Amino acid sequence: MDRIRVYTGGVASCNGYLFKTKDNTYVAVDAPSGFADWIYSKKPDIIITDLLITHQHFDHVEDACRMRQIFDCRIHAGQPYNENLTLEKMARDAWGAPPQRPALCGG
C-alpha cells in the first residue's frame with residue numbers, strides 16, 4: 001500500500017484516510033461505511049493502531065466499530081457519541097430513509 005490511501009464510501013460519499021507510519025503500522029482517519037472491509041480486502045495482515053474521528057456526522061463514524069472489531073485499534077474522538085451531533089435526523093428528513101446507524105462499541 002502507498003503511504004496514504006483514500007477510500008470513499010457510504011450514502012454521503014465520505015472519505016476515510018489511511019496513513020502509514022514510520023514503523024509500518026497505520027493510522028486511520030474517519031470511518032465511512034465499508035472502510036474496514038475495504039482495508040481488510042487489500043491487506044488482511046495490516047496493523048492499524050488508531051482511528052481518529054474528525055467529527056461525529058453519521059457518515060464519518062459508520063464503520064468505527066467494525067474498525068475496532070477487525071483491527072483492534074484505539075478510537076479517538078473529541079466528544080463521546082451523541083445523536084445530536086451525528087445529523088441522523090437531518091439525513092432522515094432530507095432523504096426519507098435513515099442512514100445506517102453507527103453501532104455503539106463503547107470506549
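Which side chains meet in a salt bridge with an N to O distance of 2.8 Å? The side chains of Arg 74 and Asp 50 do.

**Notes for every view.** This is a predicted model, in which local features need pLDDT of at least 70 and side-chain atom pairs count only at pLDDT 80 or more, while totals for chains, interfaces and linings use all residues. Residues are numbered from 1 along each chain as its sequence is written, and side-chain values use heavy atoms, with hydrogens and water left out.

**View 1. The salt bridge of Arg 74 and Asp 50.** Side chains of opposite charge can pair when their charged atoms come close. A salt bridge here is a side-chain nitrogen of Lys or Arg within 4 Å of a carboxyl oxygen of Asp or Glu. By this rule the count comes to two. Helices (H or I, at least four residues) and strands (E, at least two) are DSSP runs, numbered from the N terminus. Asp 50 counts as buried because its relative accessibility is 12%. Buried means under 20% relative accessible area, exposed over 50%, and partly exposed in between (1.4 Å probe, protein chains only).

**View 2. The salt bridge of Asp 37 and Arg 66.** The N to O distance in this pair is 2.9 Å. Asp 37 lies in helix H1 and Arg 66 in helix H3 (residues 64–71), so the pair ties together parts that are 29 residues apart in sequence. Asp 37 is partly exposed, at 38% relative accessibility. Arg 66 is also partly exposed, at 33%.

**View 3. A cluster of rings: Tyr 7, Phe 35 and Trp 38.** Rings of Phe, Tyr and Trp (its six-membered ring) pair if their centres lie within 6.5 Å; planes under 30 degrees apart count as stacked, over 60 as edge-to-face and the rest as tilted. The whole structure holds four aromatic pairs. One of them is tilted, because the rings of Tyr 7 and Trp 38 have centres 5.2 Å apart and planes at 40°. Tyr 7 is in strand E1 (residues 4–9) and Trp 38 in helix H1 (residues 35–42), 31 residues apart. Phe 35 and Trp 38 form a stacked pair, 6.1 Å centre to centre with 15° between the planes. Both Phe 35 and Trp 38 lie in helix H1, three residues apart, about one turn of the helix. Phe 35 is buried, at 0% relative accessibility, and Trp 38 is buried at 17%. Tyr 7 is buried too.

**View 4. A nonpolar surface patch of Ile 4, Val 6 and Phe 19.** Together these residues have about 250 Å² of accessible area, computed by the Shrake-Rupley method with a 1.4 Å probe, where only the protein chains shown count as cover for residues. Patches are made of residues with over 30% relative accessible area and no salt bridge; like charges are joined within 9 Å, and nonpolar side chains (Val, Leu, Ile, Met, Phe, Trp, Tyr) within 5 Å. Phe 19 sits in strand E2 (residues 14–20) and is partly exposed, at 32% relative accessibility.

**View 5. Positive phi at Asn 24 and Asp 72.** Asn 24, a residue other than glycine, has a phi near 65°. Asn 24 belongs to the loop between E2 and strand E3 (26–29). For Asp 72, phi is near 55°. Asp 72 is in the loop between H3 and E5 and is exposed, at 66% relative accessible area.
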